[in-house]
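These are my notebook entries on a structure that I had not looked up before. I set down each point in the order in which I turned to it.

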Amino acid sequence: MDLLCDIFLWVFDATIGASLVAFMVIAIKKIFHPRMSARLHHALWLIVLIQLLFPFLPNSSVSIFNIWHLGVDSIKNAVSPPLPCCE
């Protein structure tokens, strides 16, 4: 059961990470749309594609995703099954 919980949290974490990257790309495109070339539009979406294809890339200490990892422990505590009672 612990393996299932770990897999769920990994998929959940990868999904949130890719969603954050996609939202950042959309925000950048909305702000700078008139001044961006088509090549830059495609390069931004390439970043999202790389995030989706390689969700297991090493973490950085200066990443925006470190904010997200602060809440993962509370999610893991909520998802993990309760401990069996002692007899």
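This is a predicted model: local features need pLDDT of at least 70, side-chain atom pairs count only at pLDDT 80 or more; totals for chains, interfaces and linings use all residues.

**Entry 1. Valine 48**

I placed valine 48 in helix 2. Leaving aside residues up to four places away in sequence, I found that valine 48 touches Val21, Ala22 and Val25. I also looked up the C-alpha separation of valine 48 and valine 21, which is 6.0 Å although the two are 27 residues apart along the chain.

**Entry 2. The overall layout**

I then stepped back to the whole protein. I noted three helices and zero strands, in the pattern α-α-α along the sequence. Of the 87 residues in the protein, buried residues make up 17%. I next considered contacts between residues at least 6 apart in sequence, and 60% of these join residues at least 24 apart.

**Entry 3. Helix 1**

I turned to helix 1, which covers residues 2-32. Helix 1 has 31 residues, and I noted a reach of 45 Å from its first C-alpha to its last. That is close to the 45 Å expected at 1.5 Å a residue.

Which residues of helix 1 are buried? I listed Cys5, Leu9, Ala14, Gly17, Ala18, Val21, Ala22 and Val25. I kept a general point beside this list: an α-helix has 3.6 residues a turn, so residues three or four places apart point the same way.

Threonine 15 lies in helix 1 and is partly exposed, with a relative accessible area of 45%. Methionine 24 is in helix 1 as well, and I recorded a relative accessible area of 34%, again partly exposed.

**Entry 4. Helix 1 against helix 2**

How do the axes of helix 1 and helix 2 cross, and within what distance do they come? I found that they come within 9 Å and cross at roughly 175 degrees, helix 2 being residues 38-53. Helix 1 is therefore roughly antiparallel to helix 2.

I wrote down both sides of the contact. Helix 1 brings Gly17, Ala18, Val21, Ala22, Val25, Ile26, Ile28 and Lys29. Helix 2 brings His41, Leu44, Trp45, Ile47, Val48, Gln51 and Leu52. By class, I recorded eleven nonpolar, three polar and one charged residues in this contact.

**Entry 5. The nonpolar core**

I asked which residues make up the largest nonpolar core. I found six in all: Val21, Ala22, Val25, Met36, Leu44 and Val48. Helix 1 and helix 2 each supply at least two residues of this core, and helix 1 gives the most, with three.

Histidine 41 lies in helix 2 and counts as buried because its relative accessibility is 12%. Not counting residues up to four places away in sequence, histidine 41 touches Lys29, His33 and Met36. Its C-alpha is separated by 8.9 Å from that of valine 25, which is 16 residues apart from histidine 41 along the chain.

Glutamine 51 is also found in helix 2, and I recorded glutamine 51 as buried, with a relative accessible area of 18%. With residues up to four places away in sequence again left out, glutamine 51 touches Gly17, Ala18 and Val21.

**Entry 6. Two remaining distances**

Threonine 15 and glutamine 51 are 36 residues apart in sequence and 9.5 Å apart in space. Methionine 24 and leucine 44 are 20 residues apart in sequence, and I noted 9.4 Å between them in space.

Key:
Residues are numbered from 1 along each chain as its sequence is written. Side-chain values use heavy atoms; hydrogens and water are left out. Axes are lines fitted to C-alpha atoms, for helices over the stretch in contact, and angles run from 0 to 180 degrees between N-to-C directions. Helices (H or I, at least four residues) and strands (E, at least two) are DSSP runs, numbered from the N terminus. Angles under 35 degrees count as roughly parallel, over 145 as roughly antiparallel, 65 to 115 as roughly perpendicular and the rest as oblique. Contact means heavy atoms within 4.5 Å. Ala, Val, Leu, Ile, Met, Phe, Trp, Tyr, Cys and Pro count as nonpolar, Asp, Glu, Lys and Arg as charged, and the others, Gly among them, as polar. The expected span of a helix is 1.5 Å times one less than its number of residues. Buried means under 20% relative accessible area, exposed over 50%, partly exposed in between (1.4 Å probe, protein chains only). A nonpolar core is a set of buried Ala, Val, Leu, Ile, Met, Phe, Trp, Tyr and Cys residues joined through side-chain atoms within 4.5 Å.
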